[in-house]
Amino acid sequence: MQKVWAFIKGCFTLLGKGSKLYYAWAAVLLVLIAVGVLAYINQLYNGLIVTAMRDQVSWGFYISNFTFAVGVAAAAVLLVIPAYVYQWKPIKEIAILGELVAVSAMVMCLMFVTVDIGRPDRFWHLIPKIGILNFPQSLLAWDVVVLNTYLVLNLGIASYMLYSYYYRREPNMKFVFPLLMFSIPAAVSIHTVTAFLYNGLAARPFWNASILAPRFLASAFCSGPAGMILMFQVVRKWTNFDIQDKAIFKIAELIAYAMFINLFLLGAEVFKEYYSDTAHLAPMKYLYQGLDGHSDLVSYIWTATLFNITAFFLFLIPQTRENFISLNIGCVLIFIGVYIEKGMGLVIPGFVPDVLGDIYEYSPTGTEMLVGIGIWATGLLVFTMLLRIAIPIMNGDFHVGEDGINPYIGDQLFLVRKKEVVEEEDLLTP
């Protein structure tokens, strides 16, 4: 326990040191978080009436973001498989970063669910023995279990590996490898169960399709890795952590395959609805064409479709996939396109028209937008803090050697420079 406590103290020491840019970035995120907290306090005081959600549309901006963030978290498996199943070294060196992305995304997922609940103080009803979780009968209970399991799994794996590197020893793979292998079906399960939550609502024909779960996974393996590619370039620019081009290009190649499957499954669903031309076409017609003069989502979904198709061709062609300008454009297009398609483009049409045929056009209020921004800022702050700890340890710049001493922590954004050696207790001195 003494070593664990020394590791924790070292991590907190790292968080408190950085450049002016590091402090400025953290300050901006904290301001956005504060704005989100104030908006949420207003929501708690006045109730969900300050949102645009009503009886007709009971899920909105919060659940849209939750669904997208689950996909970002699940995408970490796209690094785990080539790194630990196929032992591909360029990706193995950055696999921990993918797990940290998963942890940050899972934090956002849990927060989006919390703010969507009108009475979060009643959460205790879900705690086993105290309340009634209704597991395994309830799909919502399954979602609670798999999301929390995945969060603990990724946080535990990353913490143990960083702890091992901090003490200059290789992680015990007999212990880590089974957990890494378990994280693969766990990643699939979090998005599959989320899809089943929609899929199992038979009265909502827009979601009641057997290909919804594979569509969720395919889109997750597009948007999550696209965000990671952008993040890897930021890390590489502002730290001395080496991320090879071929690792980035391999991830981009995997995105191309996933994007093809995503577009194919979406096309199959659109064909089925339009060709059969039943009453169940109404939600998709509302989304893509507008329905009875209501067309709030039409411009959004066609923008998302254009973005996704353009990005697919940018990733499909090796010359554009391996050019950082076109690669970054493609990543931004995919991230935005999937965010729209899998967020508002999935949740809202499922409720429109409602079971009585009424049309209620949902659009998030300012309160919902501010709370959402605050949660995204929280996720970015968590990820920034995790990077601030992980990068120096993975580089070997911050560690405890056999002699039991630490190197001096420098003032770079993320990285640590070895300027002098001090005793471990001196690290806590300002």
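The structure under discussion is a predicted model. The average pLDDT of the protein chain is 87, and 93% of the residues score at least 70. One stretch calls for caution: over residues 407-430, pLDDT stays under 50. For that stretch the model has 67 contacts beyond four places in sequence.

Let me turn to the first pair. Helix α4, residues 77-85, packs with α9 at an angle of about 75°, and their axes are 9 Å apart. The two helices, α4 and α9, are therefore roughly perpendicular to each other. On the α4 side, the residues that meet α9 are V77, L78 and L79. Their partners in α9 are F221, P225, M228 and F232. Sorted by class, this contact has seven nonpolar residues, with no polar and no charged ones.

The axes of α9, residues 212-238, and α14, residues 324-342, come within 9 Å and cross at roughly 140°. That angle makes α9 oblique to α14. The crossing in which α9 passes α14 is left-handed. From α9, the contact includes R215, F216, S219, A220 and C222, as well as I229, L230, Q233 and R236. From α14, the contributing residues include F324, L327, N328, V332, F335, E341 and K342. By class, the contact of α9 with α14 has 13 nonpolar, five polar and four charged residues.

F66 lies in helix α3, which spans residues 61-74. Is F66 buried or exposed? Its relative accessible area is 5%, so F66 is buried. Leaving aside residues up to four places away in sequence, F66 touches C109, F112, V113, D143, L147 and T194. F66 and L110 are 44 residues apart in sequence, and their C-alpha atoms are 7.9 Å apart in space.

The other residue is S189, found in helix α8, residues 173-199. With a relative accessible area of 22%, S189 is partly exposed. Along the chain, S189 and W142 are 47 residues apart, while their C-alpha atoms are separated by 9.6 Å.

Thank you for your attention.

Note on methods. Residues are numbered from 1 along each chain as its sequence is written. This is a predicted model: local features need pLDDT of at least 70, side-chain atom pairs count only at pLDDT 80 or more; totals for chains, interfaces and linings use all residues. Side-chain values use heavy atoms; hydrogens and water are left out. pLDDT is the predictor's confidence in each residue, from 0 to 100. Contact means heavy atoms within 4.5 Å. Axes are lines fitted to C-alpha atoms, for helices over the stretch in contact, and angles run from 0 to 180 degrees between N-to-C directions. Helices (H or I, at least four residues) and strands (E, at least two) are DSSP runs, numbered from the N terminus. Angles under 35 degrees count as roughly parallel, over 145 as roughly antiparallel, 65 to 115 as roughly perpendicular and the rest as oblique. A crossing is left-handed if the near helix is turned anticlockwise from the far one by less than a right angle, and right-handed if clockwise. Ala, Val, Leu, Ile, Met, Phe, Trp, Tyr, Cys and Pro count as nonpolar, Asp, Glu, Lys and Arg as charged, and the others, Gly among them, as polar. Buried means under 20% relative accessible area, exposed over 50%, partly exposed in between (1.4 Å probe, protein chains only).
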